[in-house]
Structure formats: structure tokens, C-alpha cells
Amino acid sequence: MSFEEKTSEIEQGLKCQDCGAILTYQPGTSYLECSYCGTRNEIADQLPEDGHIESTDYKIFGQAMEGVADERYSYLAEVVHCSNCGANSRLNPHVTADLCAFCASPLVIDHQQKRIVKPHGLVPFSVDYKNAFGLLTQWAGKIWFAPNDFKQIFNSRNDRLKGVYIPFWSYDADVHSDYVGSRGEYYYVTRTRRNSDGETEEYEERRTNWYPASGSIYSQFKDIVISGSTSLPEKFSDKIGPWNLGYLKPFNEQYLSGFIAETFSVDHVKAAETARTIMDLEIERQVENDIGGDTQDIDSIDSDFKSIKLKYILLPVWLSAYQYKGKSYQIMVNAFNGKVYGQRPYSFWKIAFLVLAIIIVLYLLSFMG
């Protein structure tokens with residue numbers, strides 16, 4: 001199927017049969033709705049028999065991604081590149097002009113086709129625009145030391161709040177680890193010393209007996225989620241999570257209608273390195289528990305990673321990108337649980353006046369004392 005035929009098919013599936021307008025997905029529901037006449041179309045999800053979306057073997061997926069030609073893992077779509085921040089986003093086929101959701105810069109939409117990786121699944125939006133905007137303004141109203149005109153940004157430019165699906169990689173692995181180390185057990189001896197009054201007193205001094213330790217542990221990892229985006233602040237997923245992948249749906253383009261879907265800029269190989277670091281830290285913690293004692297010293301851990309699998313998924317965020325005095329800021333609302341995380345400017349004068357007030361109070365207290 002050509003790109004034009006694919007685009008036409010997508011548009012046809014999103015069109016209202018009554019008035020011809022584009023249907024959009026309604027957060028927290030299982031249907032698309034027409035904003036003009038109210039027509040609703042149910043989304044038919046095709047879940048596997050066990051109700052779970054299966055991960056793909058890491059090596060098989062890697063082979064399929066060479067050239068992104070395997071139609072089981074890729075499809076044709078229109079991807080727009082932001083020349084300002086570098087974000088790559090997939091817009092709905094009917095969109096002809098828009099601003100970048102990540103930096104608020106105008107996008108040049110040239111309608112060029114590109115084969116991109118097909119997600120295994122996505123978590124649909126649960127928090128709608130109205131509630132997301134309310135959460136955002138609550139957050140803005142509570143932050144300290146913000147410039148006086150900061151809150152006006154959200155009152156006058158609330159159109160900048162955009163629904164975006166952010167790309168993530170989810171990893172599973174079974175790991176067998178052999179370790180060598182030492183187990184430390186505390187014991188105490190009574191010692192004497194002179195205190196500040198020159199008197200002799202006794203105290204307990206802690207010492208450690210060390211014993212060799214070795215063994216094996218088995219670790220099973222499920223859904224280690226790593227961001228595939230470089231358009232958002234580092235570790236933003238930790239700040240705005242956790243994500244409940246129990247609500248993951250099979251990928252269906254109908255869930256994207258009315259929203260933006262960013263394509264990954266961190267590939268599955270690079271993301272796997274981050275996932276491996278997280279797994280290694282957890283394995284180290286498990287080894288310490290297995291060694292036991294009061295303290296542990298690990299000499300070596302030899303881990304054999306087996307059954308490595310992954311899922312490429314999209315997770316929902318309401319994103320506000322804005323410019324304040326020449327600098328870009330981003331505020332995000334987790335569109336599943338409503339958690340807010342954002343960047344904000346600080347008022348130099350408010351901080352300076354607070355410091356000055358504290359100095360004055362301390363100065364006055366010194367006289368009163």
C-alpha cells in the first residue's frame with residue numbers, strides 16, 4: 001500500500017460518517033467523538049487471548065530494525081522534524097500547520113512519507129484537557145519565587161497545552177548471576193577514654209569480622225521502562241511516573257487522533273544500555289541480601305542475561321512548552337495519573353528580598369538577645 005493510500009485509509013477511518021469532520025479520541029473513554037455533531041465510534045481493541053501484549057525478542061527486533069523494512073514492526077507515516085529543538089513528531093494526516101509541542105516553535109510541514117517503527121502498544125489518555133489545564137494552573141499557583149508575570153502565561157496562552165504520546169522502551173530479562181565477596185559481622189569491644197572533664201569513661205567500639213562468601217542468584221526483570229525521547233528534560237520519566245503498564249493497549253492509530261506522537265530519538269540499543277545499568281544495580285542489591293550479615297563487600301558479579309525482550313510503547317503526557325525572557329521551559333502533566341512536573345523561572349528580586357529580610361530579622365534578634 002502506498003503512502004497516499006495509507007493516509008487516505010487513516011483519514012477515512014477518522015472521518016465522521018454523519019458530517020465528514022475528523023473524529024478525535026476522548027481521554028478516559030473507548031471511543032472517538034465528533035466535536036461538531038457528537039457522533040461516537042467505538043475503538044475495537046484486539047488484545048491477545050491472555051490479555052497481555054507480548055514483548056519481542058531483542059535480537060529478532062534488532063534484525064527487523066535494520067533498514068526498518070519489516071512490515072510487522074514498521075509502517076508508513078508522516079513525521080515532522082522541528083529545526084529548533086530537533087524533535088520528530090507524527091501529526092494527524094489532516095494537520096497542515098502547528099507549533100512544536102516541545103519548544104513552541106512553528107513547524108514546517110512538508111507532508112513527506114517515512115517508514116517508522118510501529119509501537120507494540122500505548123497507554124491511552126485518561127486525563128482530559130480541562131483537568132490537565134486545571135492541574136497545571138494549580139501547580140503554577142503554588143510554586144515559590146516565580147516572577148509576578150509568570151502565571152499570566154497560562155491564563156493567556158492555554159492553547160499551548162498539547163497532548164503528546166512520548167516514546168518509551170520496556171525491557172524484560174532473566175538473569176543468572178554468580179558472585180564472590182565477603183560477609184561482615186559486627187562485634188563490639190569495651191574501651192576506655194577520658195571525657196572533657198578529665199574523667200575516665202567506658203565506650204563500645206565497633207569492629208567487623210569478615211568471612212568469605214560466594215553464591216548464585218536468579219533475577220527476573222519485567223517492564224524496565226526507559227525514555228526514548230531526548231526532547232524532554234533528563235530523567236523526566238522518573239519525575240512524572242510511575243507508569244502502570246497494566247493499562248497498555250495494542251497499538252491502534254485511532255488513539256492518536258487529536259494528539260501528537262513523538263518518534264524515538266534514543267534507539268533500542270542505547271536504551272538497553274540504560275536498562276542494563278538499572279538491572280545491574282538491582283542485582284547488586286540482591287547479592288548483598290544474599291550474602292547477609294551486617295555489611296557486605298562484593299568482589300565480582302558475573303551475570304548471564306537471557307530471554308531479553310522489549311516492547312516499544314507510547315505513554316501519554318499533556319505538555320506545555322513556553323518561552324519566558326528568551327529561555328524555553330516545559331511543564332508536563334502525566335495524562336494517566338495527573339502528576340505534574342515542570343521547569344520554571346525564578347525571580348532574582350524575590351529571592352534577594354527574602355535573603356535581606358532574613359538578615360534584618362537575625363540582626364534585630366541579636367539585639368533583643
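S307 counts as partly exposed, at 44% relative accessibility. S307 sits in strand β13, which covers residues 295–324. Its phi is near 50 degrees, a positive value in a residue other than glycine. The model shown here is predicted. The protein chain has 369 residues, with seven helices and 15 strands.

**Positive phi angles**

- Most residues other than glycine have a negative phi.
- S307 has a positive phi, near 50 degrees.
- D223 also has a positive phi, near 55 degrees, and is not a glycine.
- D223 belongs to strand β10.

**The chain as a whole**

- Of the 369 residues in the protein chain, 43% count as buried.
- The accessible surface comes to about 20500 Å².
- Carbon and sulfur atoms account for 49% of that surface.
- Take the contacts between residues at least 6 apart in sequence: 73% of them join residues at least 24 apart.

- How many disulfides does the structure hold? The structure holds zero.
- Is C34 buried or exposed? C34 is buried, because its relative accessible area is 2% and buried means under 20%.
- C37 has 39% relative accessibility, so C37 counts as partly exposed.

**The largest pocket**

- The largest pocket has a volume of about 570 Å³.
- Its lining is made up of 21 residues.
- Which residues lie nearest the centre of the largest pocket? They are I226, S227, K235, S237 and T274.
- Three elements each supply at least two residues of the lining: β10 (200–227), α5 (236–240) and α6 (268–291).
- The strand β10 that helps to line the pocket is also the strand that holds D223.

**D45, a loop residue**

- Where is D45 placed? D45 is in the loop between β3 (40–42) and β4 (56–57).
- D45 is partly exposed, because its relative accessibility is 28% and the class runs between 20% and 50%.
- Leave out residues up to four places away in sequence, and D45 touches K249, P250, N252 and Y255.
- D45 and S30 are 15 residues apart along the chain.
- The C-alpha atoms of D45 and S30 are separated by 9.1 Å.

**E78, a strand residue**

- E78 lies in strand β5, which covers residues 74–81.
- Is E78 buried or exposed? E78 is buried, because its relative accessible area is 9% and buried means under 20%.
- E78 and R115 are 37 residues apart in sequence.
- In space, E78 and R115 are 8.5 Å apart, C-alpha to C-alpha.

Note on methods
Residues numbered from 1 in each chain as written. Predicted model: local features only at pLDDT ≥ 70, side-chain atom pairs only at ≥ 80, totals over all residues. Heavy atoms only, no water. Helix = DSSP H or I, 4+ residues; strand = E, 2+ residues; numbered from the N terminus. Buried < 20%, exposed > 50% of the residue type's maximum accessible area, 1.4 Å probe, protein only. Contact = heavy atoms within 4.5 Å. Areas by Shrake-Rupley, 256 points an atom, 1.4 Å probe, with all protein chains shown as cover. Disulfide = S-S within 2.5 Å. 1 Å grid on protein atoms, 1.4 Å probe; cavity = no way out; pocket = protein on both sides within 12 Å on 5 of 7 lines; lining within 4 Å. Points joined across faces, edges and corners; volume = space filled by probe spheres on them.
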